[in-house]
Amino acid sequence: MRILSGIQPSGALHLGNYFGMMRPAIELQELGEAFYFIADYHSMTSLFDPAERRQNSLDVALDFLACGLDPKKSVFFKQSDVPEVCELTWLLGTLTPMGLLERCHSFKDKSAKGLPVNFGLFAYPVLMAADILIYDSNIVPVGQDQKQHVEVARDIAIKFNEVYGQTFVIPEPKIRGEVAKVPGTDGEKMSKSYGNTIEIFGDEKVLRKKIMGIKMDSRTPQEPKPDAEQNLAIQILKLVAPPAVAKDFQDRLRAGGLGYGDLKKALFEHYWNYFAEARKKRADLVSNLDYVNKVLADGAAKARAKAQEVLQRARKASGLE
Ligand code: ADP
Ligand code: TRP
């Protein structure tokens with residue numbers, strides 16, 4: 001069974017990325033042959049600074065390895081080290097109805113806001129379909145917001161198989177219900193584009209400030225809070241603290257007497273401890289970049305061999321060969 005997922009190097013990774021995508025991906029590497037990649041081609045649709053792309057790509061590699069991606073179990077690589085995926089994007093694009101892409105939120109949201117949209121952004125889901133189909137992927141672990149794109153990949157694969165004969169494996173999205181959508185400091189979905197993120201790694205002071213800035217209401221500490229379960233700090237605490245601890249805080253908040261400041265201080269401590277080991281591992285990796293680059297180069301070689309095999313199958317099926 002092949003498991004595959006990608007993450008864009010578009011900024012520092014945050015708790016939404018970690019709980020929505022990275023942790024499930026890391027757990028799944030025990031279950032089958034996993035391919036994980038840094039989606040640098042995708043980042044070109046919205047990031048136009050080469051130095052930033054280079055730095056972000058390295059940061060994603062460091063973050064993912066520090067968080068437990070094991071290169072002995074998973075194939076880890078940079079998307080653009082497998083340029084075959086661009087050729088497959090063309091083959092798939094010619095079978096993709098315009099209407100399907102017009103409905104995709106990656107394009108629709110930006111064009112509805114009047115933001116400039118380019119061909120790359122419009123074609124984004126086709127490139128993503130090529131990423132998935134070129135490795136014969138069965139399972140694609142992603143957060144809720146990427147479900148639509150995996151469905152597009154399924155639609156395109158089904159169409160290609162109908163038109164040109166059985167060629168592609170039909171992939172399934174895998175979305176973890178309990179962490180489908182991690183809230184940000186303002187209560188919206190945590191996202192790099194909303195400026196409401198809590199990063200996995202970074203400066204302690206800055207991160208403490210972000211956590212202390214999580215939006216709360218103006219009720220006094222003494223007031224009972226029957227809606228304690230919806231409290232943002234409680235929701236995030238449930239991800240980083242043992243269940244009994246999170247429940248205890250939730251009960252105290254519900255009963256009244258627990259101030260928001262104290263709750264947020266506790267949240268910071270649990271969050272900081274949760275990533276302590278990963279932080280140490282990341283520091284080791286930073287001083288051993290040759291190792292990181294070797295992991296990516298080995299991953300690219302393995303991924304590329306598989307991609308070439310599947311691309312050739314598609315070229316033959318469609319009469320290019
Ligand atoms: P962002 O919204 O910050 O730009 P990306 O779109 O790069 O994040 O998402 C990378 C991966 O992380 C995707 O699989 C996505 O579904 C997941 N993800 C991002 N934000 C969240 C969130 N708040 N909750 C759960 N999963 C998320
Ligand atoms: N579009 C995904 C995101 O922004 C990243 C991605 C690119 C991806 N190709 C993929 C995810 C293939 C899963 C499978 O999060």
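**Exercise 1. Determine which polar contacts ligand 1 makes with the protein.**

Step 1. An oxygen atom of ligand 1 lies 2.7 Å from a polar backbone atom of Lys192; a polar contact is a pair of N or O atoms within 3.5 Å. The model is predicted, local features need pLDDT of at least 70, side-chain atom pairs count only at pLDDT 80 or more, and totals for chains, interfaces and linings use all residues. Residues are numbered from 1 along each chain as written, chains are lettered from A and ligands numbered from 1 in the order written, and side-chain values use heavy atoms, without hydrogens and water.

Step 2. Asn17 contributes a polar side-chain atom, 3.1 Å from an oxygen atom of the ligand.

Step 3. On its own, ligand 1 has 540 Å² of accessible area (Shrake-Rupley method, 1.4 Å probe), and the protein covers 91% of this area.

**Exercise 2. Describe the shell of residues that surround ligand 1.**

Step 1. The shell has 18 residues, and His14, Asp145, Val182, Ser191 and Lys192 are the closest; a residue counts if one of its heavy atoms lies within 4 Å.

Step 2. By class, seven are nonpolar, seven polar and four charged. Here Ala, Val, Leu, Ile, Met, Phe, Trp, Tyr, Cys and Pro count as nonpolar, Asp, Glu, Lys and Arg as charged, and the others, Gly among them, as polar.

Step 3. Among the elements, α1 gives the most to this shell, with four residues. Helices (H or I, at least four residues) and strands (E, at least two) are DSSP runs, numbered from the N terminus.

**Exercise 3. Identify where ligand 1 sits and what lines that site.**

Step 1. Ligand 1 sits in the largest pocket, in the sense that more than half of its atoms lie within 2 Å of the grid points. A pocket is an open set of points on a 1 Å grid over the protein atoms alone, where a 1.4 Å probe fits, with protein on both sides within 12 Å along at least five of seven lines; lining residues have an atom within 4 Å of a point.

Step 2. The volume of this pocket is about 1300 Å³, taken as the space filled by probe spheres set on the points.

Step 3. Its lining has 45 residues, with Gln8, Asp145, Gln146, Lys189 and Ser191 nearest the centre. α7 gives the most, five residues.

Notes
Polar contact = N/O pair within 3.5 Å; in protein donor to acceptor, adjacent residues only side chain to side chain.
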